[in-house]
Amino acid sequence: MRSLLLAIAIGLLGAAFIHIIIILALPLWTGTDSWTRVKALGASNRFYALANEPNTTGLYNENPNVRTAVCHFDVSDGPIRIIASGDVPIWTVSAYDSSANETYSMNDRSAIGSGVNIAFVTPAQMLQLRRIMPPALEQAVLVELTRPEAYVALRVISPTPSHEPAARAFLDTALCQAMSLESG
Amino acid sequence: MFRLPVLVLLTLAIAFGGGAMSASWTLKATSGFGAIKLGSWSAYPELQTADADPFAKAHRADNGRILLGRAEGLVFTALSDEAGAALSGRCAYDISGTTPPTRFWFLQVTDARGAPLDTPARFPTSLNSWTTLRNSDGAFTIRVSADPSPGNWIRLDSDAGISFVLTLIDTPAAASASMIELDMPTIKRIGCRDA
C-alpha cells in the first residue's frame with residue numbers, strides 16, 4: 001500500500017513538472033505561431049497583403065474594417081526600410097520578433113510626415129548611423145532591434161467599403177526594402 | 001516480480017497523462033493573467049509582448065494570430081451580458097453606451113473562441129465608430145438579433161455560444177484603465193428564441 005501511495009505521489013509531482021514544461025515549451029513547437037505563418041507566406045523583404053477570408057496560410061483580415069499586410073526580414077545585413085503612403089484615415093504599424101513578442105508599434109498620429117517611414121536597425125548599425133546619417137533616413141523613425149529576425153504588420157483602417165480601393169493601394173505600394181550602409 | 005514495473009508505469013502514466021491533461025485544461029480555461037476587466041468586457045494589453053505570462057504565450061503560439069501592438073489598439077471581449085449570463089447566439093442583445101476615448105472602434109460578433117460566424121454576406125456583421133448612429137447625448141444603442149431592427153443592427157443567428165469583440169484603435173485605455181473609471185457599453189439581453 002505504501003509503495004502504491006509513493007508511486008502516486010511521485011506521479012503527481014511529475015505531472016506538475018510536465019504541466020509546467022508543456023506550458024513553457026508550447027510556443028516552440030506548435031508550428032502555428034504567427035512567426036512561422038508569416039515566414040511561410042514567402043520570401044523576405046516584401047509585403048504580403050492578407051486575404052479577407054480564412055485560408056490555408058492561417059492569416060487573414062479578421063474584420064472588414066482592418067486591412068493588413070505583413071513583411072518578414074532580417075536586419076543583420078543592413079537596415080530595413082518600411083515605406084508606405086496613401087490617403088487612408090488611419091494606419092498603424094507594429095513589429096514583432098521571432099517569438100511573436102511586440103518590439104515596436106506606432107500609428108499615423110506620431111508619424112513625422114503623413115506616410116510610414118521607419119528603418120529597423122541593429123544596435124551596431126545604429127551607432128554607425130549616429131556618426132553619419134544617410135539623407136534617405138533623415139526623416140525616418142529609427143527602431144533598434146535586439147534580435148535580427150523580425151516581422152512587421154502594416155494595418156490600414158477602412159471604415160466603409162468606399163475606402164477599400166485606397167486601403168488596397170496603400171498596402172500594395174508599401175515597401176519593405178533592405179538598404180546597405182556604406183562601410184566608412 | 002511485476003510490482004516494481006507496474007508501480008513505475010503507474011507513476012509515469014500519472015505524470016505524463018496528468019501533466020498533459022492539466023496543461024490542456026488550463027490552456028482552454030484561461031487566456032493568461034493580466035486582464036483589464038471593465039464590466040462584461042476584458043482585454044489583455046500585454047498579450048502580444050514579452051511580458052505576457054507563459055499561459056498567454058502558449059495561447060498566442062497556438063492561436064497564431066497577429067495581435068495588435070500597444071500603439072495600434074486594444075481588443076475587448078465580452079462572454080457574458082451584464083447580468084452574468086453567458087452570451088448565446090439564440091438571444092437578442094442591446095449593446096448601449098459609450099466607449100473609452102479612442103480614435104476608431106469596431107464591434108464584431110464572433111463565436112465563443114473568437115472565430116468569425118458563418119453569416120451570409122448580405123447581413124451586417126460588424127459596426128464601427130463611423131457607421132454607428134448616436135443619440136443626442138453621444139451614446140449609441142446597437143441591437144444584435146436575428147430579426148432586422150431600425151437604427152444600428154448586427155445580425156446574430158447562431159445556435160452556439162458567442163462573444164462580442166470591441167476593438168479600439170489608437171486608445172490610451174490600457175494605460176488609464178487602472179487610474180480612472182472607463183465607460184464601456186453595457187450588454188442587455190432582450191430575449192431568446194426557443195431552442
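1. Contacts between the chains. In this predicted model, 45 residues of chain B are in contact with 52 residues of chain A. Contact here means heavy atoms within 4.5 Å. Residues are numbered from 1 along each chain as its sequence is written, chains are lettered from A in the order in which they are written, and side-chain values use heavy atoms, with hydrogens and water left out. Local features need pLDDT of at least 70 and side-chain atom pairs count only at pLDDT 80 or more, while totals for chains, interfaces and linings use all residues.

2. Buried area. The size of an interface is often given as the accessible area lost when the parts come together. Chain B and chain A bury about 3,900 Å² between them (accessible area for a 1.4 Å probe, lost on being put together and summed over both). Carbon and sulfur atoms carry 62% of that. On the chain B side, Ile66(B), Glu72(B) and Arg103(B) lose the most area to chain A, together 17% of what that side buries.

3. Polar pairing across the interface. The rule finds 32 residue pairs in polar contact, both residues at pLDDT 80 or more. A polar contact is a pair of N or O atoms within 3.5 Å; within protein, one must be able to donate a hydrogen and the other to accept it, and residues adjacent in sequence count only if both atoms are side-chain atoms.

4. What chain B brings. The elements that give two or more residues to the side touching chain A are α1 (3-29), α2 (54-63), β5 and β6 of chain B. Helices (H or I, at least four residues) and strands (E, at least two) are DSSP runs, numbered from the N terminus. α1(B) gives the most, with 14 residues. By class, this side has 22 nonpolar, 14 polar and nine charged residues. Ala, Val, Leu, Ile, Met, Phe, Trp, Tyr, Cys and Pro count as nonpolar, Asp, Glu, Lys and Arg as charged, and the others, Gly among them, as polar.

5. Salt bridges. The count over all chains is 15 (side-chain nitrogen of Lys or Arg within 4 Å of a carboxyl oxygen of Asp or Glu). Five are found across the interface of chain B and chain A. Glu62(A) forms a salt bridge with Arg65(B), the closest N and O atoms being 2.8 Å apart. Glu62(A) lies in the loop between β1 (48-49) and β2 (66-74) of chain A, and Arg65(B) in the loop between α2 and β3 (73-78) of chain B, so the pair joins two chains. Arg109(A) forms a salt bridge with Asp170(B), with the closest N and O atoms 2.7 Å apart.

6. Second largest pocket. The lining has 34 residues. Pro64(A), Gln108(B), Phe123(B), Thr125(B) and Ser126(B) lie nearest the pocket centre. A pocket is an open set of points on a 1 Å grid over the protein atoms alone, where a 1.4 Å probe fits, with protein on both sides within 12 Å along at least five of seven lines; lining residues have an atom within 4 Å of a point. β6(B) gives the most to the lining, with three residues. The lining divides into 14 nonpolar, 13 polar and seven charged residues.

Technical notes. Buried area is the accessible area (1.4 Å probe) that two parts lose on being put together, summed over both.
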